[in-house]
Amino acid sequence: MTTSPRLSVLDLVPVRSGQSSAQAIAASLDLVRLADRLGFTRYWFAEHHNMPAVAASAPPVMISAAAAVSERIRVGSGGVMLPNHAPLVVAEQFAVLEAMAPGRVDLGIGRAPGSDPVVTALLRSSGPTSDVDRFPQHVQDIRSLMSAEGASVRLTTGQVYDVHATPAAESVPTVWLLGSSDYSARLAAELGLPYVFANHFSGAGIDEILALYRDGYRPSAEHPTPETFLTVNVSVAPTLDEARARALPQARMMARLRSGKPLGAQESVEDAASTPLDGLTSQMADEMLDRWIVDEPQAAARRVRELATRHGVDEVMIVPVAGSRADESLDATPGRTQTIELLAAALQD
């Protein structure tokens with residue numbers, strides 16, 4: 001363990017009121033450049049569908065753009081929701097990304113759909129997807145297809161047919177399994193893969209799940225020891241009051257989502273402060289703010305260190321949830337920029 005953990009970023013590419021998807025993506029790519037300059041370890045994009053406040057629907061596309069505007073930071077998915085995609089398509093996309101940015105690509109894979117039942121049905125009816133019950137086999141298939149050796153398929157004629165995600169792979173992306181329950185932790189341990197607990201989504205059972213992963217880990221050639229880190233929602237500002245005000249729009253959106261309320265673009269800081277929610281939804285938002293790291297720089301840095309020490313990790317992936325004020329440029333994301341800059345500086349003190 002280091003005194004200060006390494007920092008990484010998970011980006012949902014938030015879209016705020018009045019902002020276009022193009023502006024939201026441009027703002028996120030500016031964050032990639034910033035995280036690269038500041039020495040962050042990796043920058044991942046999530047996969048969510050049909051959410052008015054989230055533009056992260058196609059991680060491979062965002063990863064390609066992020067790789068093009070950065071030099072050293074690892075770029076990847078947090079994660080690709082495998083039931084929405086054919087394994088061969090995922091393998092081909094990430095093998096090509098690895099060829100574009102050798103040694104810098106992470107393929108984080110999740111088992112959840114990342115969407116509502118209607119969109120899940122639409123995905124299944126409009127393109128190739130995979131059977132969630134075959135998730136372990138599909139993870140293995142993707143690893144094989146991306147390797148230099150490729151995979152072999154036995155045809156009904158008995159002939160063996162070789163399949164490669166790219167024709168001449170020299171390196172492969174690092175595969176991570178993601179989850180917030182024990183299923184992916186157990187599978188990652190069995191397959192000898194790195195694992196990430198989605199603490200930003202649900203912190204329930206974190207110690208037990210990490211223990212299951214570490215205690216059950218079977219060393220692999222690529223990963224002789226277990227590798228894991230945590231995600232956490234973070235808003236950092238010069239004062240606690242500002243950090244909390246900037247985190248409130250995201251907390252209110254998440255509370256609406258979990259209580260089945262209609263969703264819209266992310267509110268401005270001013271709208272979040274002035275527009276009341278019903279009692280239960282408001283209580284949910286307040287509870288989220290209390291669980292997240294929402295603080296001034298030194299206190300936030302201390303809490304990040306404590307989180308890493310408590311759970312035995314030397315890397316923390318932050319989800320910068322700080323929102324924007326109504327008068328701030330739609331092409332930028334000042335609250336998230338401030339969070340990254342202030343936290344990185346405080347952890348160096």
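The lining of the second largest pocket divides into five nonpolar, three polar and two charged residues, where Ala, Val, Leu, Ile, Met, Phe, Trp, Tyr, Cys and Pro count as nonpolar, Asp, Glu, Lys and Arg as charged, and the others, Gly among them, as polar. This is a predicted model, in which local features need pLDDT of at least 70 and side-chain atom pairs count only at pLDDT 80 or more, while totals for chains, interfaces and linings use all residues. Residues are numbered from 1 along each chain as its sequence is written, and side-chain values use heavy atoms, with hydrogens and water left out.

**Second largest pocket**

- The lining consists of R143, M146, S147, V172, P173, T174, V175, L193, E222 and H223, and the elements that give two or more residues to it are α5 (135-146) and β7 (174-179); helices (H or I, at least four residues) and strands (E, at least two) are DSSP runs, numbered from the N terminus.
- About 220 Å³ of space lies in this pocket, a volume being the space filled by probe spheres set on grid points that are joined across faces, edges and corners.
- On a 1 Å grid over the protein atoms alone, a pocket is an open set of points with protein on both sides within 12 Å along at least five of seven lines, a cavity is a set where a 1.4 Å probe fits but cannot get out, and lining residues have an atom within 4 Å of a point.

**Largest cavity**

- The structure holds one cavity of 30 Å³ or more, and about 210 Å³ of space lies in the largest cavity.
- Of the 24 residues that line the largest cavity, V13, P14, Q266, P320 and R336 are the closest to its centre.
- By class, the lining of the largest cavity has 15 nonpolar, six polar and three charged residues.

**Helices α2 and α3**

- Helix α2 (residues 59-68) packs with helix α3 (residues 87-100) at an angle of about 5 degrees, their axes 10 Å apart, where axes are lines fitted to C-alpha atoms over the stretch in contact and angles run from 0 to 180 degrees between N-to-C directions.
- That angle makes α2 roughly parallel to α3, a term for angles under 35 degrees.
- P60, I63 and S64 of α2 meet Q93, F94, L97 and M100 of α3, contact meaning heavy atoms within 4.5 Å.

Technical notes:
Angles under 35 degrees count as roughly parallel, over 145 as roughly antiparallel, 65 to 115 as roughly perpendicular and the rest as oblique.
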